[in-house]
Amino acid sequence: MEQCGIAGNLVKWISSFLLGRTQRVVLENCFSSTADVISGVPQGSVLGPILFLVFINDVVSTCFGETVKMFADDLKLYSIYTSVNGVSDLQQSLDLLISWSNMWQLKINISKCHVLPIRSKSRSNTFNQYSLDGVLLKNVSGAALDINIT
């Protein structure tokens, strides 16, 4: 938080809000043992969404040169390229994104990740394959977005 300009008593207050929490599961009259909460924020808290954004804010810096758009917990990564180098740059950004998620223990739901290739009509209809953590990403149809560049 200090890297984002949050300092002093506010950091102390947020830290006391997050640290030292425990949880347990209750089902009817059965109680699990108490466990320390080592990450995350209390769901439904006012601070939760703001702290999540602070937590993921540096994900943008992991991308090689692509444009990144974020909203809540969604991330769109895209690039416009005219050579084969752009293909490898985009894959490199995807690899760095996986490294970032592993470092921060924030799992990416790869089953919800897709590639939307958009090409001019003058280009071939072959599309590059991209992967996340060794899993090939599915290309989804971009026919409705087909661009005619002459």
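## Cysteines

The model holds zero disulfides, a disulfide being a pair of cysteine sulfur atoms within 2.5 Å. Cys-30 is exposed, at 55% relative accessible area, and Cys-113 is partly exposed, at 21%. Buried stands for under 20% relative accessible area, exposed for over 50%, and partly exposed for the range in between (1.4 Å probe, protein chains only).

## Basis of the values

This is a predicted model, in which local features need pLDDT of at least 70 and side-chain atom pairs count only at pLDDT 80 or more, while totals for chains, interfaces and linings use all residues. Residues are numbered from 1 along each chain as its sequence is written, and side-chain values use heavy atoms, with hydrogens and water left out.

## Second largest pocket

The second largest pocket has a volume of about 850 Å³. A pocket is an open set of points on a 1 Å grid over the protein atoms alone, where a 1.4 Å probe fits, with protein on both sides within 12 Å along at least five of seven lines; lining residues have an atom within 4 Å of a point. Grid points are joined across faces, edges and corners, and the volume is the space filled by probe spheres set on them.

Its lining has 23 residues, with Leu-18, Leu-51, Val-54, Phe-55 and Trp-104 nearest the centre. Helix α2 gives the most, five residues; α1 (9–18) and α2 (47–56) each supply at least two. Helices are DSSP runs (H or I, at least four residues), numbered from the N terminus.

## Ser-93

Ser-93 sits in helix α3 (residues 84–103) and is buried, with 0% relative accessible area. Thr-62 is 31 residues from Ser-93 in sequence and 6.8 Å from Ser-93 in space, C-alpha to C-alpha.
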